[in-house]
Amino acid sequence: MHITQYTNYALRVLMYLDCNRGPARIIDIAERHQISRNHLIKIVQQLGKHGYVNTTRGKGGGVALARPASEINVGEIVRLTEDSLNLLECFGDVDSKCKLKNVCRLQTLFAKALKGFFDVLDEATIADISANRKEILAALGMAA
């Protein structure tokens with residue numbers, strides 16, 4: 001399984017906002033993570049649309065978490081930001097050309113693995129993955 005850069009960046013934005021402890025400018029997040037500003041804007045818009053971040057324009061504005069990081073589940077974010085979680089051609093509603101679709105046990109195995117993957121992610125929050133705040137800020141060249 002491969003998680004897209006989009007999902008990776010969404011998680012990084014949420015971690016940054018938790019560590020920053022206040023509104024942050026998109027340009028600052030982009031520079032610290034060496035991410036395209038335009039790409040980051042799309043991510044922040046999606047996170048805002050779904051209630052994970054608030055955005056404020058103007059002086060003193062920026063992006064901030066809309067709720068405590070301890071209430072933002074990592075599994076939710078991955079489900080929100082991934083276009084497809086179809087690990088095999090026969091997953092989902094897609095017309096599969098696989099001749100084994102109705103007799104193959106591989107689909108069941110991968111479905112079980114995907115469930116296990118999300119069971120682990122669903123146990124973690126943004127607060128959990130950014131609990132090492134000082135180390136994260138130091139890695140980004142920021143003061144704690």
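Visitor: Which residues in H1 meet which residues in H3?
Guide: The model shown here is predicted. In H1, the residues are Tyr 6, Tyr 9, Ala 10, Val 13 and Leu 14. They meet His 39, Leu 40, Lys 42, Ile 43, Val 44, Gln 46 and Leu 47 in H3.

Visitor: Why are H1 and H3 called roughly perpendicular to each other?
Guide: Helix H1, residues 5-20, packs with H3 at an angle of about 70°, and their axes are 10 Å apart. Angles of 65 to 115 degrees count as roughly perpendicular. The angle falls in that range, and H1 and H3 are therefore described as roughly perpendicular.

Visitor: Which residues form the contact of H2 with H3?
Guide: Ile 26, Ile 27, Ile 29 and Ala 30 in H2 meet Arg 37, Leu 40, Ile 41 and Val 44 in H3. Seven of the residues in this contact are nonpolar, none is polar and one is charged. Arg counts as charged, so Arg 37 is the charged residue here.

Visitor: Why does Asn 73 count as buried?
Guide: The relative accessibility of Asn 73 is 13%. Buried means under 20%, and Asn 73 therefore counts as buried. Asn 73 lies in the loop between strand E2 (62-65) and helix H4 (74-81). Beyond residues up to four places away in sequence, Asn 73 touches Leu 121, Asp 122, Glu 123, Ala 124 and Thr 125.

Visitor: How do you know that the side chain of Asn 73 and the backbone nitrogen of Gly 75 are within the distance limit for a polar contact?
Guide: A polar atom of the Asn 73 side chain lies 2.8 Å from the backbone nitrogen of Gly 75. The limit is 3.5 Å, so this distance is within it.

Visitor: Why is Arg 21 called exposed?
Guide: Its place is in the loop between H1 and H2. Arg 21 has a relative accessibility of 59%. Exposed means over 50%, so Arg 21 counts as exposed. Its phi is near 60°, a positive value in a residue other than glycine.

Visitor: What makes Gln 34 buried or exposed?
Guide: Gln 34 has a relative accessible area of 73%. That value is over 50%, and Gln 34 is therefore exposed. Gln 34 is placed in the loop between H2 and H3. Phi of Gln 34 is near 55°, which is positive in a residue other than glycine.

Visitor: How many helices and strands does the protein have, and what pattern do they follow?
Guide: There are seven helices and two strands. Along the sequence, the pattern is α-α-α-β-β-α-α-α-α. Of the 144 residues in the protein, 35% are buried.

Definitions and conventions. Residues numbered from 1 in each chain as written. Predicted model: local features only at pLDDT ≥ 70, side-chain atom pairs only at ≥ 80, totals over all residues. Heavy atoms only, no water. Contact = heavy atoms within 4.5 Å. Helix = DSSP H or I, 4+ residues; strand = E, 2+ residues; numbered from the N terminus. Buried < 20%, exposed > 50% of the residue type's maximum accessible area, 1.4 Å probe, protein only. Polar contact = N/O pair within 3.5 Å; in protein donor to acceptor, adjacent residues only side chain to side chain. Axes fitted to C-alpha atoms, helices over the stretch in contact; angles between N-to-C directions. Parallel < 35°, antiparallel > 145°, perpendicular 65-115°, else oblique.
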